[in-house]
Amino acid sequence: TRRALMGGFSMMAVRIYELLLVHKMLRCRPDIDAERLGLIGHSGGSGVGNLAIRVAPEIFDAYVSDNLNSYFNWVDGALQDETDPAIYPWSEVINDFSTSSVPVLEVPYAFENEYQQIANFFSAYLGP
């Protein structure tokens, strides 16, 4: 992460790009209804998902998140891959789901025992 930042890049940008590529791949599959896609974020993946619904809200119809991210994570003397100084000032806005155009369900971290709630949420927004 440090090397990427020093080179003018960020791992968050790479992870968002990966997510956009996965979306593109899903749209090419005949067995996937690309008009009804949901996303679940867990831990650092929630950092990506929370940001993704802001930068590309049109690609997901519903989103489940179990973590809010500050986009500045320092653990045991190392910057974590969610760290992005350009995004950090916007973390409060990114994590304020009341302003999201994508419906969001917040669940406890690791969403244990929340499976039925998640299934009901996706069913409501994505259909059966």
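This is a predicted model: local features need pLDDT of at least 70, side-chain atom pairs count only at pLDDT 80 or more; totals for chains, interfaces and linings use all residues.
Reader: What kind of pair do Tyr63 and Phe97 make?
Author: Tyr63 and Phe97 form an edge-to-face pair, because their planes stand at 75 degrees and the cut-off for that class is over 60 degrees. The ring centres are 6.4 Å apart.

Reader: And where in the chain are Tyr63 and Phe97?
Author: They belong to distant parts of the chain, 34 residues apart. Tyr63 is in strand 2 (residues 62–65), whereas Phe97 is in the loop between helix 4 (91–94) and strand 5 (104–106).

Reader: Is Tyr63 buried or exposed?
Author: Tyr63 is buried, with a relative accessible area of 0%.

Reader: What about Phe121 and Tyr125, how are their rings arranged?
Author: That aromatic pair is tilted, with 5.0 Å from centre to centre and 55 degrees between the planes. Both residues lie in helix 5 (residues 115–126), four residues apart, which is about one turn of the helix.

Reader: Why does a spacing of four places matter in an α-helix?
Author: An α-helix has 3.6 residues a turn, so residues three or four places apart point the same way.

Reader: Which residues make up the cluster with Phe121?
Author: Phe121, Phe122 and Tyr125 form one aromatic cluster. Within it, Phe121 counts as buried at 11% relative accessibility, whereas Tyr125 is partly exposed at 46%.

Reader: Changing topic, how many residues does helix 3 have?
Author: Helix 3 (residues 44–55) has twelve residues. From its first C-alpha to its last it reaches 17 Å, close to the 16 Å expected.

Reader: How many of those residues in helix 3 are buried?
Author: Nine of its twelve residues are buried, and helix 3 is thus mostly covered. Among the buried ones are Gly44, Val48, Leu51 and Ile53.

Reader: What covers the buried residues of helix 3?
Author: The covering elements include helix 2 (11–28), strand 1 (38–41), strand 2, helix 4 and strand 5.

Reader: One more residue: where is Val93, and what does it touch?
Author: Val93 is in helix 4. Leaving out residues up to four places away in sequence, Val93 touches Arg54 and Thr99.

Reader: How far apart are Val93 and Arg54?
Author: Val93 and Arg54 are 39 residues apart in sequence and 9.5 Å apart in space, C-alpha to C-alpha. As for accessibility, Val93 is partly exposed, with a relative accessible area of 48%.

Notes: Residues are numbered from 1 along each chain as its sequence is written. Side-chain values use heavy atoms; hydrogens and water are left out. Rings of Phe, Tyr and Trp (its six-membered ring) pair if their centres lie within 6.5 Å; planes under 30 degrees apart count as stacked, over 60 as edge-to-face and the rest as tilted. Helices (H or I, at least four residues) and strands (E, at least two) are DSSP runs, numbered from the N terminus. Buried means under 20% relative accessible area, exposed over 50%, partly exposed in between (1.4 Å probe, protein chains only). The expected span of a helix is 1.5 Å times one less than its number of residues. Contact means heavy atoms within 4.5 Å.
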